[in-house]
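Here's a quick briefing for anyone opening this structure for the first time. Have a look at the sequence and the 3D view, then read on.

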Amino acid sequence: MQFQNRQKAIVLLEDGTIFHGKIIGQMQGSSFGEVCFNTGMTGYQEIFTDPSYYGQIMVTTNAHIGNYGTYEEDVESNSIKIAGLICKNFSYNYSRKKASGSLENFLKGHKLLAIADVDTRALVAYIRKHGAMNAVISTEVDNIEALKKQLAEIPDMKGYELASKVSTKVPYFVGKEKASYKIAALDIGIKQNILRNLAKRDCYVKVFPYNATYAEMKEWNPDAYFLSNGPGDPEPLKEAIALTKNILEENKPLFGICLGHQVIALANNIKTYKMHHGHRGINHPVKNVRTGKGEITSQNHGFSVDRESLEKNDNIEITHLHLNDHTVAGLRIKNKNCFSVQYHPEANPGPKDASYLFDEFIENIKLAKA
């Protein structure tokens with residue numbers, strides 16, 4: 001279907017800047033959220049279903065989106081989690097042998113508002129210069145003033161708790177019941193490939209809701225604990241922070257990624273902060289400080305652990321650094337069986353450079369059980 005036959009739509013940023021495009025499919029109306037961009041060239045379906053993106057409008061930097069369709073196994077949760085999609089060229093036709101459908105129908109099935117034919121290079125350059133901000137994508141192109149008023153009422157991502165929006169409501173299990181290791185995982189936005197990585201390493205995982213108590217998790221008598229990725233600001237997660245403090249006192253192996261990494265920092269009185277425009281993509285360079293080796297990593301976060309605050313704590317060491325801006329990409333607590341990283345070692349989408357971190361977690365469990 002040709003763009004010239006599509007209805008006009010706009011991207012309106014909170015500072016009043018407008019970008020023009022055309023709607024994908026027949027969806028009408030408006031969608032609000034924080035606008036961000038991902039530099040990955042592949043993996044759009046995994047990105048769209050990643051719970052860490054809840055509440056965000058996604059700008060894709062790849063010029064072509066939809067060209068390989070969708071596949072039912074390429075999802076990281078039970079639904080699309082982004083608030084809206086902005087892209088340059090949208091492919092209504094697709095070519096992939098195992099594809100089960102088009103991206104257009106996938107978006108339609110999840111009722112996601114999406115806009116194509118936008119100058120995404122200009123939009124991404126604008127975000128990089130002015131920072132991430134709230135935005136609205138809308139077909140109401142003649143109703144700008146009303147959209148501005150609605151946009152002004154959208155909460156800022158700083159201070160916004162979103163883990164409760166994406167977490168499981170009840171505990172569930174993944175893996176074989178008679179596996180060698182029992183992992184209690186806190187779901188603050190967990191991705192399916194994390195669970196697959198643990199299960200294939202002979203782990204039986206019980207996934208708990210975001211507001212689970214330490215007593216509830218400890219009662220299952222796990223061999224180790226895991227804190228997942230997730231959306232929003234980590235500071236409002238008071239229950240998760242308190243839970244983490246209790247886990248650290250027990251001193252069983254603990255591994256956290258992304259939002260879980262930030263929660264571990266806060267549990268040790270290390271500050272976090274909202275980044276200018278965040279890290280989102282599958283080509284982020286990280287240095288393993290302990291080995292000196294470089295890794296190409298998959299990242300998705302708009303908040304970060306404050307390096308200055310961390311370096312004042314003698315009990316914690318930086319294990320990984322982001323090579324673009326030297327932000328904290330990993331930490332280890334010296335006197336506890338705990339480590340965490342800011343990126344996504346499960347890598348869906350992304351390179352597998354960091355999958356060894358799951359193996360290190362298993363080794364920690366083996367040593368603790370010995």
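How many helices and strands are there in the chain? There are 11 helices and 19 strands, where helices (H or I, at least four residues) and strands (E, at least two) are DSSP runs numbered from the N terminus. Keep in mind that this is a predicted model, in which local features need pLDDT of at least 70, side-chain atom pairs count only at pLDDT 80 or more, and totals for chains, interfaces and linings use all residues. Residues are numbered from 1 along each chain as its sequence is written, and side-chain values use heavy atoms, with hydrogens and water left out.

**The chain as a whole**

- The radius of gyration is 21 Å, which agrees with the value near 21 Å that a compact globule of 370 residues would have. This radius is taken over C-alpha atoms, and the globule rule is 2.2 Å times the number of residues to the power 0.38.
- Along the principal axes, the C-alpha atoms fill a box of roughly 65 × 45 × 40 Å.
- Of the 370 residues, 59% count as buried. Here buried means under 20% relative accessible area, exposed means over 50%, and partly exposed is in between (1.4 Å probe, protein chains only).
- Take the contacts in the chain with a separation of 6 or more: residues 24 or more positions apart account for 73% of them. A contact means heavy atoms within 4.5 Å.
- The accessible surface comes to about 15700 Å², and 47% of that belongs to carbon and sulfur atoms. Accessible areas come from the Shrake-Rupley method with a 1.4 Å probe, and for residues only the protein chains shown count as cover.
- The chain has 44 positive and 41 negative charges, and their mean positions are 3 Å apart. Lys and Arg count as positive and Asp and Glu as negative, while His and the chain ends are not counted; each charge is placed at NZ of Lys, CZ of Arg, CG of Asp or CD of Glu.

- Which way do the side chains of β4 point? Gln 56, Met 58 and Thr 60 go one way and Ile 57 and Val 59 the other, and all are buried.
- In a regular strand the side chains alternate between the two faces of the sheet.
- Strand β4 covers residues 56-60, and five of its five residues are buried. As for β3, seven of its nine residues are buried.
- Strand β3 (residues 30-38) runs parallel to β4, with five bridges between them; two strands pair if DSSP finds at least two bridges between them.
- Across that pairing, Cys 36 stands opposite Met 58, and Phe 37 stands opposite Val 59.
- Strand β4 also runs parallel to β6 (residues 84-86), joined by three bridges, and there Val 59 stands opposite Ile 86.
- With β9 (residues 133-138), β3 pairs in the antiparallel sense over six bridges. Ser 31 has Ile 137 in β9 as its bridge partner.

**Helix α9**

- Is helix α9 enclosed or open? Nine of the nine residues in α9 (residues 259-267) are buried, so this helix is largely enclosed by the rest of the structure.
- Among the buried residues of α9 are Leu 259, His 261, Gln 262 and Leu 266.
- Just after α9 comes Asn 269, with a positive phi of about 60°.

**Loops worth a look**

- Ser 91 sits in the loop between β7 (89-90) and α2 (103-109). Ser 91 counts as buried because its relative accessibility is 16%. Leaving out residues up to four places away in sequence, Ser 91 touches Ile 65, Gly 66 and Asn 67.
- Asn 251 is in the loop between α8 (238-250) and β14 (254-257). Asn 251 isn't a glycine, yet has a positive phi of about 70°, and with a relative accessible area of 34% this residue is partly exposed.
- His 326 belongs to the loop between β17 (316-322) and β18 (328-333). His 326 isn't a glycine either, but takes a positive phi of about 65°; at a relative accessible area of 45%, His 326 is partly exposed.
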